[in-house]
Amino acid sequence: MTARILVVDDIPANVKLLEARLLAEYFDVLTAKDGYEALAICESQPIDLILLDIMMPGIDGFEVCERLKANVRTAHIPVVMVTALDQPSDRVRGLKAGADDFLTKPVNDLQLMSRVKSLVRLKNVSDELRLRAETAYSVGLQDLNRTDRPDEQGSVLLVDGRAGSQDRLTRSLKPIADVVAMSDPQAALFEAAETPFELVI
């Protein structure tokens with residue numbers, strides 16, 4: 001698997017450590033020492049994944065992530081926040097900023113590679129779908145905005161063995177999605193294979 005990964009951190013030792021680990025797996029690695037440089041790199045060339053430190057001078061990782069996700073040219077790039085912050089409130093703030101995943105310092109090699117490879121695969125699929133949709137739109141096969149079905153609800157498969165948690169999530173999602181709730185992961189796997197769900201939780 002090859003992909004271009006941007007490592008953003010103001011501490012050179014952290015950058016070198018992540019860079020060495022990624023190069024060992026044959027990833028193409030770019031680095032940035034602050035948020036402004038990271039944003040400029042993302043504007044100038046294709047990036048498949050960003051490993052983004054939160055605590056940086058100038059603009060912090062939260063703001064960098066928000067700017068990336070607000071820009072139509074960079075919104076599709078997965079962002080993994082790499083941080084020493086481990087409070088739930090920090091993770092919530094990261095999710096609100098648009099982060100796709102988190103890694104806690106010191107970074108575990110197995111967790112790093114698992115997340116990177118998973119998100120790169122997801123981005124490849126996403127890029128392929130976007131390309132197909134754009135092609136279909138350009139030849140007039142479909143309207144990307146789907147203005148003919150503005151109120152159509154999405155379909156969600158919820159897999160949770162805890163009844164209370166399952167009920168809470170189902171109630172929360174009901175206004176915006178048709179929810180199929182299941183407790184057995186094995187049965188849910190078969191259900192997901194046979195039904196075109198838009199999201200699996």
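A pocket here is an open set of grid points with protein on both sides within 12 Å along at least five of seven lines, and its lining residues have an atom within 4 Å of a point. The model described below is predicted. Its largest pocket is lined by 13 residues. Five strands form an open sheet with parallel pairing.

**The largest pocket**
- The space in the largest pocket comes to about 220 Å³.
- Nearest the centre of this pocket lie His 76, Pro 78, Leu 122, Lys 123 and Ser 126.
- Helix α5, residues 109-138, gives the largest share of the lining, with seven residues.
- By type, the lining holds seven nonpolar, two polar and four charged residues.

**The sheet**
- The strand order is β2-β1-β3-β4-β5.
- At the edges stand β2 (28-32) and β5 (101-104), and each of them pairs on one side only.
- From one strand to the next, the twist averages 20°.
- Strand β1 (residues 4-8) runs parallel to strand β3 (residues 49-53), and four bridges join them.
- Opposite Leu 6 stands Ile 50 in β3.

**Helices across the sheet**
- Helix α2, residues 35-44, lies across β1, β2 and β3. The angle between α2 and β2 is about 140°.
- Helix α5 lies across β1, β3, β4 (79-83) and β5. The angle between α5 and β5 is about 165°.
- Helix α5 also supplies seven residues to the lining of the largest pocket.

**Two helices packed together**
- Helix α3 (residues 61-70) packs with helix α4 (residues 88-97) at an angle of about 25°. Their axes are 8 Å apart.
- Angles under 35 degrees count as roughly parallel, so α3 is roughly parallel to α4.
- On the α3 side, Phe 62, Cys 65, Glu 66 and Lys 69 make the contact.

**Backbone details in the loops**
- The peptide bond from Lys 105 to Pro 106 is cis, and its omega is near -5°.
- Pro 106 sits in the loop between β5 and α5.
- Tyr 26 has a phi near 70°, a positive value in a residue other than glycine.
- The loop that holds Tyr 26 runs between α1 (12-24) and β2.

Notes:
Residues numbered from 1 in each chain as written. Predicted model: local features only at pLDDT ≥ 70, side-chain atom pairs only at ≥ 80, totals over all residues. Heavy atoms only, no water. 1 Å grid on protein atoms, 1.4 Å probe; cavity = no way out; pocket = protein on both sides within 12 Å on 5 of 7 lines; lining within 4 Å. Points joined across faces, edges and corners; volume = space filled by probe spheres on them. Nonpolar A, V, L, I, M, F, W, Y, C, P; charged D, E, K, R; others polar. Axes fitted to C-alpha atoms, helices over the stretch in contact; angles between N-to-C directions. Parallel < 35°, antiparallel > 145°, perpendicular 65-115°, else oblique. Contact = heavy atoms within 4.5 Å. Pairing = 2+ DSSP bridges.
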